[in-house]
Amino acid sequence: MNGPTVEVRELVKRYPRSPVDAVAGISFAVEQGELFGLLGPNGAGKTTTVGVLTTRVRPTGGTARVAGVDVLREPVRARSRLAVVPQRSNLDRSLSIRNNLVFHAAYHGVPARERSARADDLLAQFGLADRADSKPDLLSGGQSQRIMIARALMHQPLVLFLDEPTTGLDPAARLFVWDRLRELKERGVTLVLTTHDMHEAATLADRVAIMDHGKLLAIDTPEALVRSLPGAATLELATERREDAAADGLLDALRTLPGVEGLEQVEADGERRRIRLYVTGAAPLLVAPAASALAERGFGLTDVKLGDPSLEDVFIHLTGRALR
Amino acid sequence: MSAVAGVTAASATTQRSAFFAVLRRDLYVTWSELPVFLAQVILQPFFLLFVFGKVLRSLGYTRGGYADLLFPGLLALTAVITSMQTLSFPLVVEFGWTKEIEDRLLAPMRTGLVALEKLVFATLKALIATAVMIPIGILVLGSIPWRWSAMPLFVGVLVLASLLGASIGLVLGTLVTPNRINIVFSLVFTPLLFTGCSQYPWPSLARLRWFQVITAANPITYASEGLRAALVPQVPHIATWISLIVLPTAILALSAVGLRGFYRRALD
């Protein structure tokens, strides 16, 4: 197989009766063995993009290839090379956990003896051997997620798509899922995951594509994305208007402070504002001058946060709003 | 459909194997829930048979011979209801709520084959249910009308009745959303079951002309009448050739509508 494992070109999807494109002409490629993250808020078009790649959504335009197969022309062939772990449990409630795995393999033509052996292996690996014969109804979110990943692996897909794999999981379950995903990557499986959790994207993904309103805003390694931000540190100021003085020029006043490379107003809610400064040099030294610049315009400082720039800052920088 | 062009010989084998694996899944689930299945499909026709064929007869409210024309009608009804329920209820829930069908939609076969499997399975289940009705009929009524010479027609109409129920189920199952399941099923199901000539032969409705017209529009009528033609040909019934034309036509039309609905629900 030549070329990238996942390739999307000029992909457009507009749902019937919708005035806007859910996916508005995006292109990207994922190499074999890569762990690729699609990061964006809800409604950014991540799930639709994965839907097209997994043959369940018919695009309005563009092409999509998975493991060398055009998913539009040959959906059947594509399905045997990919696997999907959806956001919400879609386990077969009429079958036991073990049979969920075994029948999935049967759908994909895995020989009977091998089905059994693989199911036992995966159940053990995912810590589910003792639940093998129970039905999926009473499982926790984390357990369902583990079973769905195990099920997806039964036919040994070349590419695994995971839609928000850890949303709603407790921290321990999330770490468990992360570990399994890293193992899969080590074994050479290509992984594409969607997430609105920038920490997840930064920790797991080799490369991250940031999506908003159906468009791709940036695509690179998490480190490179963060490096692209102005400044080396962030200083977030939470302020509240105290006096009826003129607020004009507040942002300009902050922007001209020494060491400030850029800023974003993250939130403006009535009298409260949150402003994030990207700074070079020592951020703590900026707190005092910033406070007096605010005070001159009738604003009081209610909270200060120092930090290293993160993917969240990249998102704010690109879209002008927080990722929530 | 562009998918057709890409289907190679190897992929045909893959698809066949996926199709039968999904069918095996359905048979496995039915087998592991056998008592529930039997209770579900047998209770209603059993009570109809018992009350109309046995109780009313014993009380003298029906004439002799009524049980004989009721029995084929109830077989047709059992076949239609069973396949309709087998297909529609799970489909509404799987598409609208539990999304369980997704794993099968992602199996390496064309989406239409997943729908076809549903039709085949519902038909098989309906045939089993009607087969069970035969000993029950003997038990409740003492004897049932039977003509070995008409077996090909009998089996043929039963298969058509089952397919008819399955295709109605496919239409309902893809059309109805879970929050409307109750209202749609009471508005569609009940009228369908009571205008299908299972409790009365169609020609006898000449005295009730308006109702005869309504029943003629219900394809289940032709299943009931087709089975009467096989088991009790002495009872006046709709000409067999008419039933044998109407039934396949209705099946094709309804499956086409159902299949379109299935694609609409399966793919965005």
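Colleague: Before we start, what makes a residue count as buried here?
Modeller: A residue is buried if 20 or more other C-beta atoms lie within 10 Å of its own. Keep in mind that this is a predicted model.

Colleague: Fine. Why does B:Ile238 count as buried, then?
Modeller: B:Ile238 has 20 other C-beta atoms within 10 Å, so B:Ile238 is buried.

Colleague: Where is B:Ile238 in the chain?
Modeller: B:Ile238 is in a loop of chain B, between helix 9 (220-231) and helix 10 (240-266).

Colleague: And which residues is it in contact with, leaving aside neighbours within four places in sequence?
Modeller: B:Ile238 is then in contact with B:Trp202, B:Tyr222, B:Glu225 and B:Ser243. Take B:Tyr222 from that list: B:Tyr222 and B:Ile238 are 16 residues apart along the chain, and 7.5 Å separates their C-alpha atoms.

Colleague: Zooming out, how many helices and strands are in chain B?
Modeller: Chain B has 10 helices and zero strands. Along the sequence, the pattern reads α-α-α-α-α-α-α-α-α-α.

Colleague: How much of chain B is buried?
Modeller: Of the 268 residues in chain B, 44% are buried.

Colleague: What about contacts between residues 24 or more positions apart?
Modeller: Such pairs account for 83% of the contacts in chain B, counting those with a separation of 6 or more.

Colleague: Let's pick a helix pair. How do helix 2 and helix 5 of chain B cross?
Modeller: Helix 2 covers residues 34-58 of chain B and helix 5 covers residues 111-141; their axes come within 10 Å and cross at roughly 35°. The crossing is right-handed.

Colleague: Which residues meet there?
Modeller: From helix 2 of chain B, B:Leu38, B:Val41, B:Phe46 and B:Phe50 are among them. The residues from helix 5 of chain B include B:Ala129, B:Met133, B:Ile136 and B:Val140. By class, this contact has 13 nonpolar, two polar and one charged residues.

Colleague: Over to strand 13 of chain A. Is it mostly covered or uncovered?
Modeller: Mostly covered: strand 13 spans residues 272-279 of chain A, and six of its eight residues are buried.

Colleague: How does strand 13 pair with strand 11 of chain A?
Modeller: Strand 11 (residues 233-241) of chain A pairs with strand 13 in the antiparallel sense, over eight bridges. A:Ala238 stands opposite A:Arg274 in strand 13.

Colleague: And strand 12 of chain A, how many bridges join it to strand 13?
Modeller: Eight bridges, and strand 12 (residues 260-269) of chain A runs antiparallel to strand 13. Here A:Ala268 stands opposite A:Arg273 in strand 13.

Colleague: What does A:Gly270 do in that hairpin?
Modeller: The hairpin of strands 12 and 13 of chain A has two residues between the strands, and A:Gly270 takes a positive phi near 65°.

Methods:
Residues are numbered from 1 along each chain as its sequence is written. Chains are lettered from A and ligands numbered from 1 in the order in which they are written. This is a predicted model: local features need pLDDT of at least 70, side-chain atom pairs count only at pLDDT 80 or more; totals for chains, interfaces and linings use all residues. Axes are lines fitted to C-alpha atoms, for helices over the stretch in contact, and angles run from 0 to 180 degrees between N-to-C directions. Helices (H or I, at least four residues) and strands (E, at least two) are DSSP runs, numbered from the N terminus. A crossing is left-handed if the near helix is turned anticlockwise from the far one by less than a right angle, and right-handed if clockwise. Two residues are in contact if their C-beta atoms, placed from the backbone, lie within 7 Å. Ala, Val, Leu, Ile, Met, Phe, Trp, Tyr, Cys and Pro count as nonpolar, Asp, Glu, Lys and Arg as charged, and the others, Gly among them, as polar. A residue is buried if 20 or more other C-beta atoms lie within 10 Å of its own, exposed if 12 or fewer, and partly exposed in between; C-beta atoms are placed from the backbone. Two strands pair if DSSP finds at least two bridges between them.
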